[in-house]
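Here are some friendly notes to read alongside the model. Please keep the 3D view open and find each residue as we come to it.

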Amino acid sequence: MAQSSTLVPGLAGIPCAKSAIGFIDGSVGKLQYRGYPIEVLAEECAFEEVVFLLQRGELPSATELEEFRAEMIREREVSFRALDVFERLPERTHPMTALTIGVSTLGGYHEGDHVEDLELRRGIALRLVAKVPTLVAAWHRIRQGKRPVSPRADLGHAENFLYMLEGERPDPMAAHVAEVALVLHAEHSMNASTFAARVTGSTLADPYAVVSSAIGALSGRLHGGANERVLAMLRTIPDRSPEGVRRWAEDRLARRDKIMGFGHRVYKVKDPRANILQGLASGLFAKLGRTPIYDLAVELEGQMEKLVGHKGIYPNVDFYSGIVYEKLGIPVDLFTPVFAVSRVSGWLAHLLEQLEDNRIFRPSQVWVGESDRAFVALADR
Ligand SMILES: CC(C)(COP(=O)(O)OP(=O)(O)OC[C@H]1O[C@@H](n2cnc3c(N)ncnc32)[C@H](O)[C@@H]1OP(=O)(O)O)[C@@H](O)C(=O)NCCC(=O)NCCS
């Protein structure tokens, strides 16, 4: 086969698969899952319904959803032996590292050939979405010297996750906001972690290895993690008056420093997920009390629009998500694991799609090394 010699760094803009899962039109801020606008799904659907949609291709009927939900609830438990692995880790282990270990360990408990058996494959996809929150919450408790909290079958996916973190049922508004945040982060087309999942899946590796690869890709600070930095950055703004915020932004832009939570490779208008999160944040603050950092964020958004809106630099999903998670009482180093709790559903939808018509990924390279060199014996070097 003829090889292209044109290198596209980061494969930017190069299609690597056909997909019918998530669609983005960044010029108008459109995001759809399986053809349904994200705004409608965030308003109308429970997370479990969205998982079904992503992984099976259609919205479930009431009976299908009931069965799917019941199966997910059954799968939430993680055996004590599997969780024992966490007891051996140093307390400082990052929750993303612990999650990779937890997911890989689960692979040892479940056998079967997912490649030959579609039902088994779908079952594993559901199981992993069900168990990832249990793993994240268990490590969070074990690292603090506490016992993991068992999942509760009478709570929805997001509410149960918050319950397992703290051992207390969350405020209903907090549970609702967490649920919508999970819906918003479930899928985002061919980003780095989804690509990693598809590459690993294309080798016919088992789905636990697929999810471990994707978690590794998500853990890097260019992918997950920007929301942590938004909070840290906002706290460094010394003067929170409109003039002070403008001066701070102008100064950073003049130094060509990136302002965290702004800009996106695909969106050239405000990320639709940021709009939805912002709406949720207002309701959350009305119920649980305002957070001064939110007012500062809104001020910064207004100033940035005047300064760089014409360049297509607007808030992305991370701009408001950290502020929302902090209000939900989620520790900062769990922000990226919360992303994984949601995105695992999208990664596995992509695995299912990849295996419908699989070909192993094997890109080429642009050779920049030497060739046909004369070998020099060790004694002569
Ligand atoms: C997301 C991001 C990596 C997209 O990068 P990209 O598509 O490669 O865009 P570029 O880095 O090429 O930026 C294009 C222009 O916009 C500017 N720009 C982009 N994001 C910016 C930001 N957050 N703050 C200030 N300027 C920004 C760049 O300086 C560049 O300006 P120039 O044309 O004058 O050189 C980038 O916007 C960024 O680093 N944002 C901050 C981190 C963040 O919030 N990440 C979460 C993403 S969901």
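**Notes on the model**

1. Let's begin with a contact between two side chains: those of S27 and D25 make a polar contact at 2.6 Å. (A polar contact is a pair of N or O atoms within 3.5 Å; within protein, one must be able to donate a hydrogen and the other to accept it, and residues adjacent in sequence count only if both atoms are side-chain atoms.) S27 sits in the loop between β1 (22-25) and β2 (30-33). The C-alpha atoms of S27 and V266 are 7.8 Å apart, although 239 residues separate them along the chain.

2. A word on the basis of these notes. This is a predicted model, in which local features need pLDDT of at least 70 and side-chain atom pairs count only at pLDDT 80 or more, while totals for chains, interfaces and linings use all residues. Residues are numbered from 1 along each chain as its sequence is written, and side-chain values use heavy atoms, with hydrogens and water left out.

3. Now find the ligand. It is surrounded by 16 residues, and the closest are R256, K258, I259, G261 and F262 (a residue is near a molecule if one of its heavy atoms lies within 4 Å of it). By class, this shell has six nonpolar, four polar and six charged residues. Here Ala, Val, Leu, Ile, Met, Phe, Trp, Tyr, Cys and Pro count as nonpolar, Asp, Glu, Lys and Arg as charged, and the others, Gly among them, as polar.

4. Which side chains place a polar atom 2.9 Å from an oxygen atom of the ligand? K258 does, and so does K311. For R256, a polar side-chain atom lies 2.7 Å from a ligand oxygen. Taken alone the ligand exposes 870 Å², and the protein buries 65% of that (Shrake-Rupley method, 1.4 Å probe).

5. Lastly, look at the helices (DSSP runs of H or I, at least four residues). Helix α12 (residues 242-254) packs with helix α14 (residues 292-308), their axes 9 Å apart. α12 passes α14 in a right-handed crossing (the near helix is turned clockwise from the far one by less than a right angle).

Note on methods:
Axes are lines fitted to C-alpha atoms, for helices over the stretch in contact, and angles run from 0 to 180 degrees between N-to-C directions. Helices (H or I, at least four residues) and strands (E, at least two) are DSSP runs, numbered from the N terminus.
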